[in-house]
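Welcome! Please take a look at the sequence and the 3D picture below, and then read on for a short tour.

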Amino acid sequence: MSGAESQKAEVREFWNRNVNQFNQLRREDVGSREFYDAAEALRYQYHYHLQPLFDKIAASYPEGKLLEVGCSMGNDTIQFARRGMKVSAIDLTPAAIDLIRLRFKLYGEQGDFRVADAENLPFDRDTFDVVYSFGVLHHTPDTAGAIEEIRRVLRPGGTAHIMLYNKRSLNCLAHKLTGIPFDGSRKDPCPVEKSYLPSSARRFFANYTDTRLSVDYLYGTGWGLLNRIIPTALHRGLGKVIGWHLMIEAVK
Ligand SMILES: C[S@@+](CC[C@H](N)C(=O)[O-])C[C@H]1O[C@@H](n2cnc3c(N)ncnc32)[C@H](O)[C@@H]1O
């Protein structure tokens, strides 16, 4: 196995035992409506910038074909399905794909879900109107290769919406100073986690025809008390300057 392959196997094992949000939810509820509803409420309480993005994407491509890369348990995927889009989603981990399949069944939504690798997508070229990937591609060894794979499966004129961690952010500085990993814990850190300056992130999209990049989201749930005492307007305003999420929109 090559170095990159063994690193990817470690990434898969990490996310298989640490499904995103598992550390914030009641594990005894896993797979129930209570569990998925709690996951959804928590996610959009903090990720206030996402619902407007889902509205915009669904309005731009009514009933369009969307692929989510790195869907985890499907919080965002189901938002697109509820807005009438035809969704497919992949994740490296079987645990995530089991949870998203169960979720869609529970809520009566349709979708195509597969265990697959962002760096080698199991779809023909020119298949999707939209590819969405949030907080995933900085965890894969070949980030540039995955962004090219996304371009391959997008139809000409289709759009990629991708979030990568912003190196020039308050959150990155805090994690650097404290030595706490972005994902996982000091004892069990995520084996691959990168962050990018806006200029270097932009270079990944050199083969796309048009790329727009913005910054959002000052910091996450881990900031507990600060999240509650800083006024929302200040939180959002600072997020636009030194936020953790590089929000990239790139047209094929
Ligand atoms: C931080 S979680 C984000 C999940 C989801 N997008 C969200 O925002 O809740 C990262 C996810 O990326 C997946 N992942 C990492 N590398 C991947 C790869 N090469 N291909 C597919 N999925 C990958 C992991 O399995 C994990 O579910």
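At 8% relative accessibility, Cys-172 counts as buried, where buried means under 20% relative accessible area, exposed over 50% and partly exposed in between (1.4 Å probe, protein chains only). Before we go further, please note that this is a predicted model, in which local features need pLDDT of at least 70 and side-chain atom pairs count only at pLDDT 80 or more, while totals for chains, interfaces and linings use all residues. Residues are numbered from 1 along each chain as its sequence is written, and side-chain values use heavy atoms, with hydrogens and water left out.

**The cysteines**

A disulfide is a covalent bond between the sulfur atoms of two cysteines. Here, two cysteine sulfur atoms count as a disulfide when they lie within 2.5 Å. How many disulfides does a search of the whole structure find? The search returns 0. Cys-71 is in no disulfide, and its nearest cysteine sulfur, in Cys-190, is 16 Å away. For Cys-172, the closest cysteine sulfur also belongs to Cys-190, and because the gap is 14 Å, it is too far for a bond. Cys-71 is buried too, with a relative accessibility of 5%.

**Around the ligand**

Now turn to the ligand. A residue is near it if one of the residue's heavy atoms lies within 4 Å. There are 19 residues around the ligand, and those that come nearest are Arg-43, Gly-70, Asp-91, Ala-118 and Thr-140. The shell is made of 8 nonpolar, 7 polar and 4 charged residues. In this grouping, Ala, Val, Leu, Ile, Met, Phe, Trp, Tyr, Cys and Pro count as nonpolar, Asp, Glu, Lys and Arg as charged, and the others, Gly among them, as polar.

Helix α1 (3–17) and strand β2 (86–91) each supply at least two residues of this shell. Helices (H or I, at least four residues) and strands (E, at least two) are DSSP runs, numbered from the N terminus.

The protein backbone also comes up to nitrogen atoms of the ligand. A polar backbone atom of Gly-70 is 2.8 Å from a ligand nitrogen. For Ala-118, a backbone N or O atom lies 2.8 Å from a nitrogen atom of the ligand, and for Phe-134 the corresponding distance is 2.9 Å. Taken alone, the ligand exposes 600 Å², and the protein buries 96% of that. Such areas come from the Shrake-Rupley method with a 1.4 Å probe; for residues, only the protein chains shown count as cover.

**Salt bridges**

Side chains of opposite charge can pair when their charged atoms come close. A salt bridge is counted when a side-chain nitrogen of Lys or Arg is within 4 Å of a carboxyl oxygen of Asp or Glu. The structure holds 19 salt bridges, including the ones in this table.

| Pair | N to O distance |
|---|---|
| Lys-8 and Glu-119 | 2.9 Å |
| Arg-151 and Glu-148 | 3.2 Å |
| Arg-152 and Glu-149 | 2.8 Å |

What does the Lys-8 and Glu-119 pair tie together? Lys-8 lies in helix α1 and Glu-119 in the loop between β3 (112–115) and β4 (128–134), so the pair joins parts that are 111 residues apart in sequence. Lys-8 is buried, at 3% relative accessibility. Both residues also belong to a network of salt bridges that links Glu-5, Lys-8, Asp-117 and Glu-119.

Arg-151 is partly exposed at 23%, and Glu-148 is partly exposed at 27%. Arg-152 and Glu-149 are likewise 3 residues apart in helix α6, separated by about one helical turn. Is each of these two buried or partly exposed? Arg-152 is partly exposed at 22%, whereas Glu-149 is buried at 12%.

Asn-75 lies in helix α4 (residues 75–82) and is buried, with a relative accessible area of 6%. Its side chain makes a polar contact of 2.7 Å with the side chain of Gln-21, and another of 2.9 Å with that of Arg-103. A polar contact is a pair of N or O atoms within 3.5 Å; within protein, one must be able to donate a hydrogen and the other to accept it, and residues adjacent in sequence count only if both atoms are side-chain atoms.

Finally, Tyr-217 is not a glycine, yet has a positive phi of about 75°. Tyr-217 is placed in the loop between β6 (210–216) and α9 (224–229) and is buried at 2% relative accessibility.
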